[in-house]
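Hi there,

Here is the structure I promised to pass on to you. Have a look at it first, and my notes follow below.

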Amino acid sequence: MTAIDVRSLHKKFGKLVALDDVSFTVDDGEFFCLLGPSGAGKTTTLKSIAGLVQPDSGSVSLGGQDASDIEPNHRNLAMCFESYALYPQHNVFDNIASPLRSPNLRLPDGEVRERVGRTADMLGVGHLLDRGVDQLSNGQRQRVALGRVLVRPAHAYLLDEPLSHLDAKLRTSMRAELKRIAHGDLMTTTVYVTHDYVEALSLADRIGVIKDGRILQVGTPQQVWDTPETAFVAQAFGKPRISFVSGGLVNDNGVTRFISSDGAITVPVSGVDAQAGETVQLGVRPRDLTLHTGAGEQPAGTERLDGVVYVLEHLGRQTEVTLRIGESLVSVVASRRDAEGLGVDDKVSLLLDPARVHVFGDGDDGRRLSR
Ligand code: ATP
């Protein structure tokens, strides 16, 4: 086990900037998720840690030691990349056992058998050890590839989208399994690359959000969810996505209020670091809003926004209702009962708790202005 320190990595491929000052630290035994869209620089970061990509500048330290002069195969990192390649002529046992037979390790046969059996059982492929890998489903292959990583003692695991080829059901169960393995049985430092925010929120001790080769925020799942530092980070988490309304701030008898550009939405916001007149955007998560259809009292301390139904999308037991309020679109997740009988253009209201809104500067890169 070892801590990983990534400091100011820069990497260009021709003119393309793949990494632009990437820095973060992964503590000893920590499960760290690198989350970002396609092309963000996740794999390049992971390969830089592994020594498979040579950064133009910056450094990687493993267990406090600068790794620049350590060859990839001497870094003692176990890696699983998305394009897993298994040995087609070997069965499952030999594929999982292969890292244990490398010249670096060469474990005795008894220990190899014991480790392979334990790892295969952990991943639910213990009954397939004698099968050729050409007789496996894609999901089983991916588990064998993961087995090949987890089987060996290593300072750290580097996992690049290891669940991406699994169907939705298997993905959910493997995610739970991986969480148990990583947090319980192994406690090995892990860097896990994903573009799936649910995976990151459920697996990670901490998440680093990366976009265009830059780390936007590093924090616990709760921190990135509750206090996203940019509008992009806010919209990277949650489905349906956070709604944004563009507008400005005014001082109304000592109370700072957000007013949308068309004046249709006004909400008191406290603790905001912004200049009056600056263009800002209000972010509201659909699950932080309540649909108010007229029945029942409006709870104290809530704000009411009146609009009309723009789109209804049924999500099983819940319904996503998008309202048009002036020129803005704001979504809410409502119970099926609350949304029953609603149709497009019906008048409805939303209730919001002003403490649950987020204020950002303008645009995707808009910085958090709420404290
Ligand atoms: P994905 O989720 O699609 O795998 P990623 O976040 O892992 O994306 P990277 O693979 O790190 O992104 O790529 C970052 C950028 O660098 C991309 O624009 C990619 O096209 C480019 N890139 C990566 N490797 C190379 C290479 N060997 N040569 C040229 N460009 C590359």
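The largest pocket has a volume of about 600 Å³. Please keep in mind that this is a predicted model. The elements that each give two or more residues to the lining of this pocket are strand E6 (77-80) and H4. E6 provides the largest share, with 4 residues. In total 24 residues line the pocket, and those nearest its centre are Leu77, Ala78, Met79, Pro99 and Arg152. Sorted by class, the lining is made up of 15 nonpolar, 7 polar and 2 charged residues.

H4 covers residues 138-150, 13 residues in all, and spans 18 Å from its first C-alpha to its last, close to the 18 Å expected at 1.5 Å a residue. The helix is largely enclosed by the rest of the structure, because 11 of its 13 residues are buried. Among them are Gly139, Gln140, Gln142 and Arg143, and also Leu146 and Leu150.

Is Leu178 buried or exposed? Its relative accessibility is 3%, so Leu178 counts as buried. Setting aside neighbours within four places in sequence, Leu178 is in contact with Leu146 and Leu150, as well as with Tyr192 and Leu203. For another distance to check on your screen, the C-alpha atoms of Leu178 and Val116 are separated by 17 Å, and the two residues are 62 residues apart along the chain.

Now for the overall layout. The protein is divided into domain 1 (4-233) and domain 2 (243-361). Their C-alpha centres lie 39 Å apart. Where the domains meet, 7 residues of domain 1 are in contact with 6 residues of domain 2.

How many cavities of 30 Å³ or more does the structure hold? There are 2 of them, and the largest cavity contains about 50 Å³ of space. Its lining consists of Trp225, the run Phe237, Gly238, Lys239, Pro240, Arg241 and Ile242, and then Arg285, Pro286 and Arg287. By class, that lining divides into 5 nonpolar, 1 polar and 4 charged residues.

I hope this helps you find your way around the model. Do write back with any questions.

Best wishes

Key
Residues numbered from 1 in each chain as written. Predicted model: local features only at pLDDT ≥ 70, side-chain atom pairs only at ≥ 80, totals over all residues. Heavy atoms only, no water. Expected span 1.5 Å × (residues − 1). Buried < 20%, exposed > 50% of the residue type's maximum accessible area, 1.4 Å probe, protein only. 1 Å grid on protein atoms, 1.4 Å probe; cavity = no way out; pocket = protein on both sides within 12 Å on 5 of 7 lines; lining within 4 Å. Points joined across faces, edges and corners; volume = space filled by probe spheres on them. Nonpolar A, V, L, I, M, F, W, Y, C, P; charged D, E, K, R; others polar. Domains from an automatic or database assignment. Contact = heavy atoms within 4.5 Å.
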